Protein chains: 2
Amino acid sequence: MNFYMPTKVYHEREAVKNHREEMALLGKKALIVTGAHSSRENGSLQDVTEALEATHTSYAIFDRVEENPTVACVMEAALLGRKEGVDFVVGVGGGSPMDAAKAIALMIQNRDSSEEVLYQNISLRALPVVEVPTTCGTGSEVTPYAILTRRDKQTKQSISQKFFPDLALVDGKYLEKAPLSVITNTAIDALGHMLESCFHAKATDYSRMLCQYAMEVWGAATGMLYGMEPEEGDYDRLLFASSLAGMAISHTSTSLPHALSYYLTYHKGVPHGKAVGLFLPGFVRALPEQYEIQVTMALRALGFGSLEQFEGFIREMLGTVSLTEEEVGEMVSGVMANPEKLSTPIFEATEEVVREMWPV
Amino acid sequence: MNFYMPTKVYHEREAVKNHREEMALLGKKALIVTGAHSSRENGSLQDVTEALEATHTSYAIFDRVEENPTVACVMEAALLGRKEGVDFVVGVGGGSPMDAAKAIALMIQNRDSSEEVLYQNISLRALPVVEVPTTCGTGSEVTPYAILTRRDKQTKQSISQKFFPDLALVDGKYLEKAPLSVITNTAIDALGHMLESCFHAKATDYSRMLCQYAMEVWGAATGMLYGMEPEEGDYDRLLFASSLAGMAISHTSTSLPHALSYYLTYHKGVPHGKAVGLFLPGFVRALPEQYEIQVTMALRALGFGSLEQFEGFIREMLGTVSLTEEEVGEMVSGVMANPEKLSTPIFEATEEVVREMWPV
């Protein structure tokens, strides 16, 4: 088994301000990569620009990262970064800008390369990357992954180059202004990371430790998903659980629910966390009987007394998405054509088993 | 709270052989730092030299690291390393060679510096370091610490420069040939790391997660300390628990039992693990009443039903050491003069409290 998690993480109130000197050590000019709205609304963008200004670090802003960013969006931002002569990248937001930031850092560093290198099996270096998460799902601040939308393949796919952010500045205050739907969808994305990593063929005691702790922290903070008033520290707990789950999938990768979700997101526009969550009850149902005790313990840690209760939670939180029989077939065939993903669960992923993960 | 653990860890049977190419990437010529005997007896030295030869990497061997290595020993090895033109260091053995390897890597890199820099508050770089642990206590393979014996101060002290090994190659097979007394003493050193980190003023959920898992793994593997036949995987469990506990103290540092232990080791020649262990019951007794549930849970995870049972275990494993009233006074004053160490526990470390940690 192995352990590798080189990102330096600071999780605390005012993390960006408190560790601005360490951020400034990474370069002379930053490209801030973010979306158009939420990082302005939750104060994260302002915190980052103030931190850079306070340390006399120049910056340019690329704020056109859409949800599920495309390769084209990455190339556009990289072009700006090269023009501006930046030497490090700061991703601010949810999984979309944080993933994009990594791919952009790669394409700025390798200025003479075309977008093909993103999906080639070669090893390239990238500019240093700082990540400031503002949702509680992706864990991208501590993973080596960058999932982009590929129009050429009509799906989402992680770039081939894998590298960790240098610095993750994590502060639960940015979640306070997020709509409950965003909290719910992203918390369920993190839940997917936990369950998929925990019952992954590549799980080790290192990754299981991360999942186990993540589940307990997550289970202790989800009252707000049911409409309760968040308790002091709940946003930070969800964010902490999301980071731990990110560390776990950094070691194992994700599994079938993520693989299946990309179809729903690409073809039906379903938000990532919801798309993943819809497959989680089916994934848990597919786990072999000899894992019954572990499954029960995992669900209890997460706050669910039974598989039925977990299924009810997913239905209540996410509703349904309708797919025709043909669409289901297309979605399943896509995953069946991906031997790497089929090897991820601890059970044999036959076509029948994969098909039974839909519907909830 | 923060998390930083950049060492790449491989824990598996034949880790050295399996990851020799990655080791070879660190340089062209290695200085192997080890003791005179045990790394020859348990096969670790041969595995390392074979791995280097297979990758056409030159090496020199410094095999004169004694227990509780001195600054003089580090300087002697660094001199050899400079003469031989090495560009990375491989520590093989228990805490003594692994700690020494870090200090030696520093003194080779900074060839024009004298030994004073080891204890100065300046930031220096060091050669890359690989660690191959052959005992189950120190966790040095994943910590930034290097504890050396300072004759000038008549004690042991960590060098001021802190840096993590680049690579830790962990294989339980090396423990199989260790005498039971070494397994016991080093397992109790790891136990000290867990308890001292768990109830440390700087503990966070990251460090607590590491301690909690370490305790459960340790508790599941200690039958052999009571004379039982080791079960399949027990050596690897003890080593894994030791690495996790090392990761925990990398975040918190150790606490009073370690601080007090240095007196027993320096003045009475008591092996490190035993010296630490003798203070653990007193440390646990000193924990405030409001931590009772956490203390009970920690002891249970470790396999102890009560504090009395834990005290009995320590007495049975370690026996006693006799100190005069004057020596106890000297030992306590030494720690009372160290405000940094006094700030480590979650209780106020008055002279009376510290004195009551002795005897068992």
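Okay, let's start with how the elements are named: helices (H or I, at least four residues) and strands (E, at least two) are DSSP runs, numbered from the N terminus. With that in hand, take B:His56, which sits in the loop between helix 4 (44-54) and strand 3 (58-62) of chain B.

Before I go on, some housekeeping. This is a predicted model, where local features need pLDDT of at least 70, side-chain atom pairs count only at pLDDT 80 or more, and totals for chains, interfaces and linings use all residues. Residues are numbered from 1 along each chain as its sequence is written, while chains are lettered from A and ligands numbered from 1 in the order in which they are written.

Back to B:His56. Its phi is positive, about 55 degrees, although the residue is not a glycine. Is B:His56 buried or exposed? A residue is buried if 20 or more other C-beta atoms lie within 10 Å of its own, exposed if 12 or fewer, and partly exposed in between, with C-beta atoms placed from the backbone. B:His56 has 8 C-beta neighbours inside 10 Å, so it counts as exposed.

Now put B:Ser253 beside it. Here too phi is positive in a residue other than glycine, near 80 degrees. B:Ser253 belongs to the loop between helix 9 (234-252) and helix 10 (256-268) of chain B. This one is buried, because 21 other C-beta atoms lie within 10 Å.

Let's step back to a whole chain. Chain A has 17 helices and eight strands. Its radius of gyration is 19 Å, close to the 21 Å that the globule rule gives for 360 residues, so chain A is as compact as a globular protein of that length. For the record, the radius of gyration is taken over C-alpha atoms, and the globule rule is 2.2 Å times the number of residues to the power 0.38. The C-alpha trace of chain A spans about 60 × 45 × 40 Å along its principal axes. Of its 360 residues, 54% count as buried.

How about contacts? Two residues are in contact if their C-beta atoms, placed from the backbone, lie within 7 Å. Take the contacts in chain A between residues at least 6 apart in sequence: 81% of them join residues at least 24 apart.

Chain A comes in two parts, domain 1 (8-174) and domain 2 (179-355), with bounds from an automatic or database domain assignment. Their centres, taken over C-alpha atoms, are 25 Å apart. Where they meet, 22 residues of domain 1 of chain A are in contact with 26 residues of domain 2 of chain A. On the domain 1 side, strand 1 (2-11) and strand 7 (155-158) of chain A each supply at least two residues. That side divides into six nonpolar, 14 polar and two charged residues. In this count, Ala, Val, Leu, Ile, Met, Phe, Trp, Tyr, Cys and Pro are nonpolar, Asp, Glu, Lys and Arg are charged, and the others, Gly among them, are polar.

A quick look at two loop residues in chain A. A:Val86 is in the loop between helix 5 (71-84) and strand 4 (88-93) of chain A, and counts as buried because it has 25 C-beta neighbours inside 10 Å. Leaving out residues up to four places away in sequence, A:Val86 touches A:Lys29, A:Ala30, A:Leu31, A:Ala60, A:Gly81 and A:Ile108. A:Ala221 lies in the loop between helix 8 (205-219) and helix 9 (234-252) of chain A. With 23 C-beta neighbours inside 10 Å, A:Ala221 counts as buried.

Finally, the pair of chains.
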